[in-house]
Amino acid sequence: MTQAAGEKATARRRGEELEVEIESLAFGGRGVARAEGLVIFVAGALPGDRVRAEITKAKKRFAEGRAVEILRPAEDRVADACVHDGEPCPGAPWQGLSYERQLAQKSEQVEEALRRIGGLDGFELEEIEPAVERWRYRNKLEYSFGERDGEPILGFHARGRWDLVVDVDDCKLGSERGNAARNSVRDWARSESVPAYDARSRRGVLRNLVVREGWRTGQIQTRLVTSVARFPKPPVDLHTAIEGDSGGTDGPTGVLGEERLREELCGLRLEMSHGAFFQTNTEMAERLYAVAGEYAGLSGSERVFDLYCGIGTIGLTMAKRAGEVWGLEIVPEAIADAERNAERNGIENIRLFAGSARTGVRPLIEEAGKPDVVVVDPPRAGLSQKIVRRLLECEAKRIVYVSCNPTTLAPNAAQMVEAGYTLKRVKPVDMFPQTPHIECVALLEKGA
Ligand SMILES: C[S@@+](CC[C@H](N)C(=O)[O-])C[C@H]1O[C@@H](n2cnc3c(N)ncnc32)[C@H](O)[C@@H]1O
């Protein structure tokens with residue numbers, strides 16, 4: 001959507017402020033407003049809001065901005081539940097929308113992407129799976145250090161502000177336990193007077209903190225990212241891993257606590273290295289994998305390729321119902337985790353390989369033979385056309401595509417349809433309440 005037909009748009013300048021009325025939501029979650037023929041995408045604003053918006057990017061045909069003040073909230077706006085230092089939580093940009101409205105928007109966005117971007121039709125869009133927990137669902141949160149009145153603070157960057165950190169006491173996206181872990185690292189930084197790193201002056205020590213949690217095991221892992229500097233020993237009982245060199249003999253380096261995080265999922269006992277991918281909503285990951293399992297339609301004898309397999313989660317959950325599973329993943333530590341996970345759970349019919357989907361599929365076919373079912377679960381960028389061509393060479397009966405971005409799923413699915421597959425079913429699963437992000441599973445079958 002850009003300027004209205006026949007209307008002459010007035011260009012805007014970066015930094016300019018103006019009052020606008022939000023009409024709808026754009027893909028990706030920003031509010032859409034119009035001012036003198038120009039469409040403006042406003043972050044931090046919801047349909048029905050009247051806001052003062054600052055222009056952050058000015059183009060000829062559209063502009064981007066952020067709400068600096070809500071002058072009149074939409075009538076159906078839900079009061080913000082997660083606020084830090086007076087700022088609505090940047091990790092929960094849709095908290096002002098009722099949950100029912102969030103679900104409807106997400107479902108619509110999946111459908112729109114497939115129909116408009118992919119030109120796809122005739123598929124069954126199943127009802128969106130709502131999240132079990134609307135708050136306190138994230139098993140991983142990443143924080144930045146900043147400074148206020150000479151004291152370290154630890155929280156999130158304010159929306160659209162790389163230079164401003166808002167202090168966090170309780171983020172309602174994370175568990176109470178995870179919040180307590182973050183606060184104890186901040187308290188340590190304050191009591192030991194360890195300064196935050198300042199990107200402008202390139203001075204200071206503390207950059208980021210990642211708090212990861214085993215939802216079912218109760219284990220907490222914190223990873224501290226620092227500059228090269230000396231600093232006192234942080235609380236070890238938090239399984240603190242340090243990235244960045246202490247640069248001296250008295251400061252800590254390397255991993256101080258336990259290196260791998262333990263989790264339980266779909267009846268499996270899993271372990272993961274801190275660099276390995278793991279779904280951030282444990283409860284909903286189970287639902288997602290259940291849908292993938294159903295779509296795979298396994299009867300016990302199939303050969304399954306699990307591409308982009310991470311620590312092996314999807315393949316391991318399918319292994320009992322498959323003849324054999326072959327996993328491929330680019331991060332070697334994740335493959336090492338996957339191998340240990342298979343062993344720990346007594347799963348013997350899975351083989352795992354470190355390598356890229358771009359170059360690894362052909363050798364996999366040579367080694368394993370052609371699969372009956374291919375599961376793909378790529379990052380947000382989706383699959384390149386070349387990788388789709390490699391998948392097509394598998395000639396699998398079914399392709400189960402787990403996607404965290406319907407705008408990249410759509411062209412990938414369209415390429416598969418062009419090559420003779422039919423998009424049968426799509427099920428959105430809400431892994432990320434209070435945000436515009438949506439995960440979905442799509443089933444493509446060979447032939448009509
Ligand atoms: C969305 S995650 C899915 C992981 C796993 N299926 C799960 O559910 O936990 C995507 C994975 O793809 C991996 N990856 C990224 N690019 C890749 C590539 N070119 N080839 C193979 N794996 C890749 C990432 O390291 C990550 O583990």
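**Around helix α7**

Start just after α7: there, E395 takes a positive phi of about 50°. Most residues other than glycine have a negative phi. Some ground rules. This is a predicted model: local features need pLDDT of at least 70, side-chain atom pairs count only at pLDDT 80 or more, and totals for chains, interfaces and linings use all residues. Residues are numbered from 1 along each chain as its sequence is written, and side-chain values use heavy atoms, with hydrogens and water left out. Helices (H or I, at least four residues) and strands (E, at least two) are DSSP runs, numbered from the N terminus.

Now α7 itself, residues 385-393. What is buried in it? I387, V388, R390, L391 and L392 are. Buried means under 20% relative accessible area, exposed over 50%, and partly exposed in between, with a 1.4 Å probe and protein chains only. What do these buried residues pack against? The list is β17 (303-307), α6 (357-368), β20 (373-376), α8 and β22 (421-429). Contact here means heavy atoms within 4.5 Å.

Take α6 as a partner. The axes of α6 and α7 come within 9 Å and cross at roughly 10°. That makes α6 roughly parallel to α7. Axes are lines fitted to C-alpha atoms, for helices over the stretch in contact, and angles run from 0 to 180 degrees between N-to-C directions. Under 35 degrees counts as roughly parallel, over 145 as roughly antiparallel, 65 to 115 as roughly perpendicular, and the rest as oblique. On the α6 side we have A357, R358, V361, R362 and I365; they meet K386, I387, R390 and E393 in α7. By class, that contact has four nonpolar, no polar and five charged residues. Ala, Val, Leu, Ile, Met, Phe, Trp, Tyr, Cys and Pro count as nonpolar, Asp, Glu, Lys and Arg as charged, and the others, Gly among them, as polar.

Next, α8, residues 406-418. Its axis and that of α7 come within 10 Å and cross at roughly 40°. That makes α7 oblique to α8. From α7, Q385, V388, R389, L391 and L392 meet N412, Q415 and M416 in α8. The classes: four nonpolar, three polar and one charged.

On to the core. The largest nonpolar core has 108 residues. A core is a set of buried Ala, Val, Leu, Ile, Met, Phe, Trp, Tyr and Cys residues joined through side-chain atoms within 4.5 Å. L114, F145, C171, F305, L307, V400 and M416 touch the most other members. Helix α3 (residues 282-296) gives the largest share, eight residues.

Look at L307. Beyond its neighbours within four places in sequence, L307 contacts L328, V361, L364, V374, V375, V376, D377 and L391. Apart from this core lies another, of 14 residues, among them V20, A35, L38 and A45.

Y308, in the loop between β17 and α4 (313-319), has phi near 65°. C266 has phi near 50°. C266 sits in the loop between β15 (261-265) and β16 (268-272). At 32% relative accessibility, C266 counts as partly exposed.
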